[in-house]
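Take a look at the sequence and the model shown here. Then follow a few residues, one at a time.

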Amino acid sequence: MYTLRQYAVRCHRRQPVAAGPFVEFASRKHHVCFSTNPLYGTASNIISRVGIVGAGPSGFYVAKYLLKELGPGATVDVMDSLPTPFGLVRTGVAPDHPEVKAVQSDFEKVAGDPRFSFYGNVRVGYDVDVATLRSLYDVLVLAYGASEDRTLGIPGEDTLEGVVSARTFVNWYNGHPDYAQDAKLTGMLGEILAQASAQVAVLGQGNVALDCARVLAKRPADLETSDICEHALEVLRESKLAAVSVVGRRGHGQAAFTIKELRELSRIPGARLVVPPEEVAMGLTEFTIAELAQSRPRKRLTDLVASLPGPAVGGQAGEGRERVVALRFLLLPRAFLPDPRRPRRLGAVVFERARLELDGQGKRVVAVGTGETEELPCQLALRSIGYKSQPVEGLPFDNKKAVVPNRHGRVLEAASEEAVPVPGVYCTGWVKRGPSGIINTNIYDARETVAAIMEDATQGKLPFSSSSSLLEALAQAGRKKPEDVVSWEGYGKIDAWERRHGAARGKPREKVTDSRRLLEIARS
Ligand SMILES: Cc1cc2nc3c(=O)[nH]c(=O)nc-3n(C[C@H](O)[C@H](O)[C@H](O)COP(=O)(O)OP(=O)(O)OC[C@H]3O[C@@H](n4cnc5c(N)ncnc54)[C@H](O)[C@@H]3O)c2cc1C
């Protein structure tokens with residue numbers, strides 16, 4: 001005769017057990033078929049309750065691959081701090097990239113599994129703590145992405161109006177409730193962009209930087225049939241933008257953007273993409289040429305940059321005329337300067353000219369300041385140097401790498417080589433590997449995490465969950481009323497509302513950006 005725990009451990013380990021009075025109780029508790037198969041528990045039927053924090057791509061992919069492994073009695077609860085699912089597919093991906101957003105239909109199929117439940121408007125670490133979640137689930141997967149951004153740490157960054165992170169700008173035009181409802185932000189962006197011959201500097205040269213430049217440079221009429229939010233479109237309609245400079249620290253050979261996005265930027269009707277030829281020449285150092293010889297895609301990209309016209313060629317930029325998008329290289333941001341006429345507002349960015357060198361190990365190309373400076377006049381600066389994950393209370397965090405410390409998706413007790421895994425806690429996506437990679441990268445990541453979970457289940461390494469539900473735990477914590485939690489059915493109502501109102505304007509959807517309104521629609 002075994003205790004319940006011994007019984008379950010033996011099942012986990014696939015050790016024989018004699019059927020006894022615990023069998024029925026254990027089968028109810030774990031929702032598995034112990035009574036019909038009392039001798040062995042398998043990895044797939046021993047996991048009965050999974051909790052996933054974050055309903056972005058990585059959360060959905062882990063749900064998808066876990067559901068393929070789990071038995072019919074298992075449940076997978078996916079919670080998100082927003083009332084809506086899909087993470088950056090909704091709040092990050094550019095509105096004029098509908099083909100990327102089509103991935104949502106894959107996620108909708110995952111949510112259609114009867115074992116799947118969505119709990120929107122539940123912020124883990126606030127509405128419910130991690131210790132409670134660990135007691136509720138056999139397996140807890142962290143997929144909460146990166147909701148902060150990296151900073152430059154230069155003068156004026158925190159004090160001047162007009163210095164904004166690209167993340168803020170993207171969240172704003174994509175309708176993230178925390179940003180789209182920020183009247184001060186909307187007012188400031190509107191005022192700046194409506195100035196005659198407004199100039200914007202985007203600091204950073206990844207695809208997010210190019211998304212921002214493209215949205216700013218496009219004619220509003222060319223965005224009207226996208227799912228860009230109406231408040232953003234109103235601001236862009238009044239925009240008198242003359243120029244956007246997309247500025248990188250290193251040369252064009254090291255730029256992080258990809259050729260598809262660059263081509264798109266070079267083909268915007270009403271805008272002209274330019275590059276100073278001297279900066280292209282400065283970037284073609286001996287080691288950059290050697291590096292490019294190793295990679296045909298990078299060579300094609302740099303050839304495209306080199307083929308762009310210089311800034312002086314063609315007509316003038318300005319109000320009512322062609323907008324100029326300039327790629328700038330080898331410039332290190334050193335300070336944000338105030339506008340002398342409006343000292344609280346940004347007036348220019350000071351850069352130090354850089355040259356390229358190999359680092360001490362001769363492996364990485366680095367930008368080194370030359371002492372020469374340049375002032376770039378601009379009223380808006382979008383800092384686009386990367387997103388950053390945040391710790392959640394009660395869980396380890398690697399502050400240096402800004403990720404949850406993990407080994408192949410198993411969360412570790414500390415950020416060190418020797419650290420041991422926290423039983424039953426896993427991670428995936430941006431919070432696991434850092435904020436890089438496209439949506440599909442999260443597939444490989446999720447598969448690795450699911451493999452680790454199934455291996456641990458087989459080896460009896462998972463803890464046991466309690467029988468209470470997430471809604472009961474939320475009620476007990478007292479921070480969230482059950483009616484304020486959005487179910488998948490509730491999200492279906494939001495989705496239908498948004499599509500209906502979008503169709504009336506010729507858009508795929510008109511996003512609701514007010515959290516209270518989202519909850520009302522979900523409850524309707
Ligand atoms: C601006 C931008 C544009 C992009 N464009 C493309 C593109 O065109 N094509 C492409 O393939 N990839 C693109 N990507 C990359 C892609 O979006 C990411 O690879 C992917 O979204 C990462 O998935 P994730 O689930 O790890 O994080 P996220 O997508 O960020 O999902 C995390 C989820 O966790 C939730 N969350 C956060 N904290 C908590 C908490 N405490 N409690 C509960 N929930 C929480 C968030 O609300 C969010 O829904 C883009 C990224 C950005 C930033």
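In which loop is the place of Val-124? Val-124 sits in the loop between β3 (116–120) and α8 (130–136). Keep in mind that this is a predicted model.

Is Val-124 buried or exposed? Its relative accessibility is 14%. The cut-off for buried is under 20%, so Val-124 counts as buried. Now look at what surrounds Val-124. Beyond its neighbours within four places in sequence, Val-124 is in contact with Val-53, Met-79, Val-130, Leu-133 and Val-392.

An unreviewed UniProt entry lists it under "binding site".

Trp-430 lies in helix α18, which covers residues 430–433. At 18% relative accessibility, Trp-430 counts as buried. Residues up to four places away in sequence aside, Trp-430 touches Leu-88 and Gly-437, among others.

Finish with Ala-74. Ala-74 lies in the loop between α4 (57–69) and β2 (75–80). Ala-74 counts as buried because its relative accessibility is 6%. Which residues does Ala-74 contact, leaving aside neighbours within four places in sequence? They are Ile-47, Ser-48 and Arg-115. Arg-115 is 41 residues from Ala-74 along the chain, yet their C-alpha atoms are separated by 6.4 Å.

Terms used
Residues numbered from 1 in each chain as written. Predicted model: local features only at pLDDT ≥ 70, side-chain atom pairs only at ≥ 80, totals over all residues. Heavy atoms only, no water. Helix = DSSP H or I, 4+ residues; strand = E, 2+ residues; numbered from the N terminus. Buried < 20%, exposed > 50% of the residue type's maximum accessible area, 1.4 Å probe, protein only. Contact = heavy atoms within 4.5 Å. UniProt positions renumbered as here; feature names shortened; annotations may be inferred.
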